Amino acid sequence: MKFNIDVLFLDKNMVVIKKIEGLEKGKVAYVKDASFVIEAGAGRFSGIETGSHIAYNL
């Protein structure tokens, strides 16, 4: 990646178990118990906290 990102790690129920803000370019993050990962540009997940439930529509 060429820029910093925010990363959400979610469990199987789509609950945020870890949030990393501003992960530097070239760095890798891993959470053993995560079932899903969502990435976005740095600053995009500022209103989301650990324990939040993420909903989506297909």
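**Getting to know a predicted model**

User: What makes up the largest nonpolar core in this predicted model?

Analyst: Seven residues form the largest nonpolar core: Leu8, Leu10, Met14, Val16, Ala40, Phe45 and Ile54. A second, separate core has six residues, including Ile5, Phe9, Ile20 and Leu23.

User: Which residues is Leu10 in contact with, leaving aside its neighbours within four places in sequence?

Analyst: Leu10 is in contact with Val15, Val16, Ile17, Ala34, Ser35, Phe36, Ile38 and Ile54.

User: Why is Lys27 called partly exposed?

Analyst: Lys27 has a relative accessibility of 48%. Buried means under 20% and exposed means over 50%, so Lys27, in between, counts as partly exposed. You will find Lys27 in the loop between β2 (16–23) and β3 (36–41).

User: How do you know that the radius of gyration of the protein chain agrees with a compact globule?

Analyst: A compact globule of 58 residues would have a radius of gyration near 10 Å, and the protein chain has 11 Å, so the two agree. The C-alpha trace spans about 30 × 25 × 20 Å along its principal axes.

User: What elements does the protein chain have, from the N terminus on?

Analyst: The order is β-β-β, with three strands and zero helices. Of the 58 residues, 28% are buried.

Definitions and conventions. Residues numbered from 1 in each chain as written. Predicted model: local features only at pLDDT ≥ 70, side-chain atom pairs only at ≥ 80, totals over all residues. Heavy atoms only, no water. Helix = DSSP H or I, 4+ residues; strand = E, 2+ residues; numbered from the N terminus. Buried < 20%, exposed > 50% of the residue type's maximum accessible area, 1.4 Å probe, protein only. Core = buried A, V, L, I, M, F, W, Y, C linked by side-chain atoms within 4.5 Å. Contact = heavy atoms within 4.5 Å. Rg over C-alpha atoms; globule rule 2.2 N^0.38 Å.
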